[in-house]
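This report goes through one predicted protein model, from its overall make-up to individual residues. The sequence and the structure come first.

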Amino acid sequence: DYSDTAKFFAGEYRAKLRTSHSILYGLMLAPYVKLTNNFFLLKFASAFWLSLLVLSIYHISSKNKKTLYLILACPLIWYMSPWLSPMPLVALLFLWSYFFIKKFDSEEKFKHLFYSGLLIGLASALWETAFYFSFIFLLAFLYNKKLSHSILCFIALFIAMIPNFILNEIAFGSPFYSLAKYFFAIIFKKTVPPPTNG
């Protein structure tokens, strides 16, 4: 899905745009297809985000080498690296969102909470599932905070999702198309019984 979307925005895909995922990640990858006239660099997208994730974990852990070795030995890192997916980038964004929300807990500076909301919103714009995870994530950290803190975080989340809303409006005629499609796909997948043989 993501490679087809990247090809579509690069002008290398003649079929109609049909995807059940966010098209923002495909748009981000399109320049690599357009500049190189091939899809070779797309294969390294996940490896690049995972490398940043590893370095970020190392940095956030105060450059603890044991943490670095542990994350490098994680089978998920090696499994995900060849797959074209926004999940490594989303994991990176969630990690830094966690970093900033913990920083807000200790320093109580609103900019950290705003940064956290922006990163969660960007993750949600790139992968619809992250939008639903973001509520669980934010609830875990904001349940005992003031209402104004939650409002600030959700405003930041909404601001970061604006590019996805604009892109959906241009491509599909509705700003909430990808979120609605994903939501209804989950509902109908669970409620519609599978076809029977015979």
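The model is predicted, so local features are given at pLDDT of at least 70 and side-chain atom pairs at pLDDT 80 or more, while totals for chains, interfaces and linings use all residues. Residues are numbered from 1 along each chain as its sequence is written, and side-chain values use heavy atoms, without hydrogens and water.

**Overall make-up**

The protein has ten helices and zero strands; helices (H or I, at least four residues) and strands (E, at least two) are DSSP runs, numbered from the N terminus. Read from the N terminus, the order of elements is α-α-α-α-α-α-α-α-α-α. Of its 198 residues, 39% are buried; here buried stands for under 20% relative accessible area, exposed for over 50%, and partly exposed for values in between, with a 1.4 Å probe and protein chains only. Among contacts (heavy atoms within 4.5 Å) with a separation of 6 or more, 61% join residues 24 or more positions apart.

**Helices H6 and H8**

Two packed helices are described by the angle between their axes and the distance between the axes. For H6 (residues 87–107) and H8 (residues 128–142), the axes come within 11 Å and cross at roughly 20 degrees. Axes are lines fitted to C-alpha atoms, for helices over the stretch in contact, with angles from 0 to 180 degrees between N-to-C directions. H6 and H8 are therefore roughly parallel, where under 35 degrees is roughly parallel, over 145 roughly antiparallel, 65 to 115 roughly perpendicular and the rest oblique. Their crossing is right-handed, meaning that the near helix is turned clockwise from the far one by less than a right angle.

On the H6 side, the contact is made by Val90, Phe94, Ser97, Tyr98, Ile101, Lys102 and Asp105; these meet Ala130, Phe133, Ser134, Phe137, Leu138, Phe141 and Leu142 of H8. By class, this contact holds ten nonpolar, two polar and two charged residues. Ala, Val, Leu, Ile, Met, Phe, Trp, Tyr, Cys and Pro count as nonpolar, Asp, Glu, Lys and Arg as charged, and the others, Gly among them, as polar.

**Aromatic rings**

Rings of Phe, Tyr and Trp (its six-membered ring) pair if their centres lie within 6.5 Å, and planes under 30 degrees apart are stacked, over 60 edge-to-face and the rest tilted. The count is 15 aromatic pairs. Two of them are tabulated.

| Pair | Centre to centre | Angle between planes | Type |
|---|---|---|---|
| Phe131 and Tyr132 | 5.4 Å | 80 degrees | edge-to-face |
| Phe131 and Phe135 | 5.1 Å | 90 degrees | edge-to-face |

Phe131 and Phe135 are four residues apart in H8, so about one helical turn separates them. Phe131 is buried at 18% relative accessibility, whereas Tyr132 is partly exposed at 27% and Phe135 is partly exposed at 39%. Elsewhere, Phe94, Tyr98, Phe137 and Phe141 make up one aromatic cluster.

Ser97 is part of H6 and is buried, with 0% relative accessibility. Beyond its neighbours within four places in sequence, Ser97 contacts Ser116, Leu119, Ile120 and Phe137.

Ser56 sits in helix H3 (residues 45–60) and is buried at 8% relative accessible area. Leaving out residues up to four places away in sequence, Ser56 touches Leu92, Leu95 and Trp96.
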